[in-house]
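Dear colleague,

Please find below the structure that I am handing over to you, with its sequence. My notes on it follow.

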Amino acid sequence: MARHHPDLVFCRKISGASVGLLCERCEGRCCICDSFVRPCIPVHVCDDCAYGSNSGRCIICGAKGVTEAYYCEECCLLEKDRDGCPRVINIGVARSDLFYERRKHNLAGGGGKGKGKGKGK
Ligand SMILES: [Zn+2]
Ligand SMILES: [Zn+2]
Ligand SMILES: [Zn+2]
């Protein structure tokens, strides 16, 4: 079963009037369980996630949002839509592998500008 990262943390603040968005890659997915089956209820995100730097972003992966997000039928039955804002807030953590890969790559390329870790106290 194609679930996203098991450590994902959802925002869970009280949803506002704004509809959550998904990017091209995540289009059609349920924002909770990744199911593509029977999108049922439009996703509403909290004001914090709807405005500012998060506005117009995919609530699953943070890419540019292009389409409205939905809860699948199963999640509606389980009343996941009442759990509050479903935006993933630890995207950075889920992506840290990728970041690490890139950093390694930079170092291999002879970059390595940053200072090493300071000695602990
Ligand atoms: Zn939120
Ligand atoms: Zn996405
Ligand atoms: Zn679902």
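The largest nonpolar core has 22 residues, and Cys-31, Ile-59 and Tyr-71 have the most contacts inside it. Here a nonpolar core means a set of buried Ala, Val, Leu, Ile, Met, Phe, Trp, Tyr and Cys residues joined through C-beta atoms within 7 Å. Strand S2 (21–22), helix H1 (47–50) and strand S6 (70–72) each supply at least two residues of this core, with the largest share, 3 residues, coming from S6. Helices (H or I, at least four residues) and strands (E, at least two) are DSSP runs, numbered from the N terminus.

This is a predicted model, in which local features need pLDDT of at least 70 and side-chain atom pairs count only at pLDDT 80 or more, while totals for chains, interfaces and linings use all residues. Residues are numbered from 1 along each chain as its sequence is written, and chains are lettered from A and ligands numbered from 1 in the order in which they are written.

Not counting residues up to four places away in sequence, Cys-31 touches Gly-20, Val-43, Ile-59, Ile-60, Ala-69, Tyr-71 and Pro-86 (contact: C-beta atoms, placed from the backbone, within 7 Å).

Arg-25 lies in the loop between S2 and strand S3 (39–42). Arg-25 is exposed because it has 11 other C-beta atoms within 10 Å (exposed: 12 or fewer; partly exposed: in between; buried: 20 or more). Setting aside neighbours within four places in sequence, Arg-25 is in contact with Cys-61 and Ala-63.

Overall, the chain has 4 helices and 6 strands, and buried residues make up 27% of its 121 residues.

Yours sincerely

Technical notes. Contact = placed C-beta atoms within 7 Å.
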